[in-house]
Amino acid sequence: MAQLLRVSDLRTHYFSFGGARVVKAVDGISFTLNEGETIGLVGESGCGKTTTCLSVVGLLPPAARIVGGGIEFAGEELTTKRPREMRRIRGRRIAMILQDPMASLNPLFSIYTQVAEPAFYHLGTRGRSLRQRVQELLRAVRISSPTVRMREYPHQMSGGMRQRVVGAIAMAGGPKLIIADEPTTNLDVTIQAQYLDVLKEIQQASGVALIFVTHNLGIVAKMCDKMAVMYAGKIVEQGAVRDLFRAAKHPYTQALLGSMPKLGTKEPLYAIPGQPPNLAQLPSGCAFHPRCARAMTQCQTQQPDDRRIAENWVAKCWLVDHQAKEQYVSAIA
Amino acid sequence: MRQFIIRRTVYAIITLLILSLTIFLVVRLTGDPVTLLAEPGARPEDLARVRVEWGLDRPLPVQYLSFLENILTGKLGNSFNYEMPVSTLYFQRLPNSLELALAASLISFVIGIPAGLISAVRVNGAWDNFGKIVALLGLSVPGFWLGLVLILVFSVWLGWLPTSGQGDWCNLIMPALALGWYFAASLLRLTRSSMLEVLRSEYIKLARLKGLPGVVVIGMHAFKNALIPVITLAGVNLVIMVNAAVIIEVIFAWPGIGRLLYEGIFQRDFPLVQGIVLLAGMMIVAINLVIDIVYAWIDPRIRLAR
Amino acid sequence: MTTTDEIATATAAAPVPAAQEFFTPRGTGWRWVRELPLVPLAILVPFILIAILANFIAPYDPTEPIPGAKIFEPPFWMQGGSTRALLGTDFQARDVLSRLIFGARVSLIVGVVGTIVAGSLGTALGILSGYLGGWVDQLIMRVTDAWLALPALVFAIFLATVVGPSMWNIIIILGLVYWTRYTRVIRGEVLSLREREFVKLAEIAGGSRTRIILRHILPNVMNSAMVLASLTIGVVIIAEASLSFLGIGVPAPQPAWGSMLSDGRSMMMVGDWWLTVFPGLCILLVVLATQLLGDWLRVRLDPQLRNM
């Protein structure tokens, strides 16, 4: 599989009050994504997941700027592209699905118009082939009787169906990468599973890569090949989903996994003590240390960088060194 | 949509009833209506005759019913001065007021809507600040004073435009400007805030995410959504302008309904005044109903509901 | 949580009434002066003072001709003018400046009192409509809609024709014409207030409806009412000027800016502009100042109202 996306040391900051206040929403994250792969971007609200996505597509709000690092997509560097070039990429080669299906669709335009737009503007499809394409797309997201449905308006559809339409819109330009920003959070629990199946189907049929932003680890387990856990603007651990679920090394990842409710046990729900930090006033050293059960003196003063655990598995934690040392010591003892 | 139309029509009818009742009661309950309904300079015998003619000695509810009956059959009384039915006079002058109102509306659209749109798209920029000043002036400068100043500058001092009367576009431009000025400002404000709200919405974000050209995002998606409240206001304004441009028409001697109303006041021609007020109210309610229906047709959320 | 805790929390969550929030100085000493909106106050305060002190400031009696003056004398800096009548004289040789000064009194009184009448009536009806609901609500709303349908000026003209012009009649008429602007907004606020916790608590505690309205609802709609009032006072002033212009406002010989504009019309045609420009400028300045004041109030009193 060829490498599709490579984010290197990306830093996106928000500037307010004339530059007096800087919020480091994304502070040096790096990850890669191959064609057809799915990566889960996990974390609590405000950790920088959405800002990362907006940085990739180039639609940051005016107060935010990419101040460092690179985003390489299919061999091209996105951070240096002009707005017009980014516009041609958006919708055509990189698509995005937003969280709220009702708000995402324009109430005054028909489903047909909204699904057809990317194909119309990016691919130049017209007339009958455009109609056929829209029907294909709607069928691919499991919307029955597409010819009837496409003449309808958003308010005539249920939430789950609308979100599937948003998925169809995302596929319309034939993208290589889809970024899904919490697409199931606003859906009924019963509909969520169906929607995820639809997404998986599309992915298998078209080979599109997926960045799945969520705070729900159950979804990550179901949908993703690898995952990156974000905290306070940094990726604190990333690796294959199986590895992390079995033996996560970073205390934050462990806490997240530990706080998942498990069927069949009567253990009390574990909640991580404390609050996510204020991004404008981060603690010194490792940002997680105030809430970490295993914090050492070193953690309070020195920010950890990536400690390698295995080939594609890194975590930003001093404990990794300690464990490696212990293993080494016990190995030679 | 049908339920919507039925409901709005019922409301319109109720509104008309209340308006007619108000006008009826105001006249009957504030002093002796005979003095209003009789021509100025009437003698006691005339007063008695008027009393009988208008049925002023009958109980109020009966009077109101015959009042309503008269309205519905179009008998709004005769003007003292013109000795013609009020309704005839009203509809005779209506096209003139309409001409003025259309011209003023056009000016207010051309100035207000684009300025509001640009202000919203380039919010807090130089254009936006300029727009805010224009809006403020539009609300503070009384339209009729603007009219007087325009006459002073362009007719008296510069001699470029005629001072008054109806004629070709030279006569039209100053009154239309004076009349449309206020509405341009209010349209600007409304367009700007409506557009700002739309631009913040999720579906505009998604439209940008689709990589649509900026022109399409703004011109098609944002524009159509933002215009809904603006069009409603514009339609309402037009009808108001037709009926309430009293002072402008007086200043520019424009032969419209407003001027007719002024004549009625000046010459104590009460049936004329009452008739015009009634007709103005009826026309406004009727047109508002039409606008509501058009609005219902544009917005698919209403059109496709049961 | 005990009931006292609940009450304390609910009261803490209640919005701060306008007067309290407005007059509490931020910080100590005179710092709140810096937060005042200087431009509108710089215009309004002089006008208010002029209106109050008119009897002492005006050089002449505004209703009597200046002895020895000619009619339509121009302002003193033009040829034919003199410092005897600084801004010129009108068609009865009355001093324009004095008439402007006394006209301020008329405009401001009618504007302020008319707005108070309209605002009180509209707010009261809005509260009743929103809080009591049912047929009261329907009745008030239908009347509001009906009266809003008629253009304000036309309605005012009609009423003035029927009852005859005088300053107090005009004030009442304008109050009757403009109260409808308040009712809808206040009603909406009351509807949402009714669902808030502190109101429900008061209802459970068994307060009489009058008491709840006066103590809880009224202070909280004052914000909106004041903002609306400041934004519409300009409209009322212009309406009075319009009525006076047409001759059915404040009657002659009492000076009013609107009737001065009407007086000046005939001579405007031959280029005597001062009777037209000066009264209009006064109207413009006062209305502009009230608009700016209203905008400032709107932002200051409740950020949620910024979209109004």
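Predicted model: local features only at pLDDT ≥ 70, side-chain atom pairs only at ≥ 80, totals over all residues.
**Entry 1: C:Ala156**

I began at C:Ala156 and listed its neighbours. Leaving out residues up to four places away in sequence, C:Ala156 touches C:Ile173, C:Leu174, C:Val177, C:Ala239 and C:Leu243. I count two residues as in contact if their C-beta atoms, placed from the backbone, lie within 7 Å.

Residues are numbered from 1 along each chain as its sequence is written, while chains are lettered from A and ligands numbered from 1 in the order in which they are written.

**Entry 2: the helix around it**

I looked up α7(C), residues 152-163. Helices here are DSSP runs of H or I with at least four residues, numbered from the N terminus. α7(C) has 12 residues and reaches 16 Å from first C-alpha to last, close to the 16 Å expected at 1.5 Å a residue. That expected span is 1.5 Å times one less than the number of residues.

C:Ala156 is among the buried residues, as are C:Phe155 and C:Phe158. Just after the helix, C:Gly164 takes a positive phi of about 85°.

**Entry 3: the core**

I then checked the largest nonpolar core, which has 253 residues. Such a core is a set of buried Ala, Val, Leu, Ile, Met, Phe, Trp, Tyr and Cys residues joined through C-beta atoms within 7 Å. A:Val115, B:Ile276, C:Ala156 and C:Leu174 have the most contacts inside this core. Helix α11 of chain C (209-246) gives the largest share of the core, 20 residues.

**Entry 4: the chain pairs**

Which of the two touching pairs has the most contacts? I found that it is chains B and C. Their contact takes 38 residues from chain B and 35 residues from chain C. α13(B) supplies the largest share of the chain B side, eight residues. By class, that side has 30 nonpolar, eight polar and no charged residues. Ala, Val, Leu, Ile, Met, Phe, Trp, Tyr, Cys and Pro count as nonpolar, Asp, Glu, Lys and Arg as charged, and the others, Gly among them, as polar.

For chains A and B, 25 residues of chain A meet 18 residues of chain B. α4(A) gives the largest share of the chain A side, four residues. That side divides into 13 nonpolar, six polar and six charged residues. Chains A and C do not touch; their nearest C-alpha atoms are 19 Å apart.

Terms used. Helix = DSSP H or I, 4+ residues; strand = E, 2+ residues; numbered from the N terminus. Buried ≥ 20, exposed ≤ 12 C-beta atoms within 10 Å, placed from the backbone.
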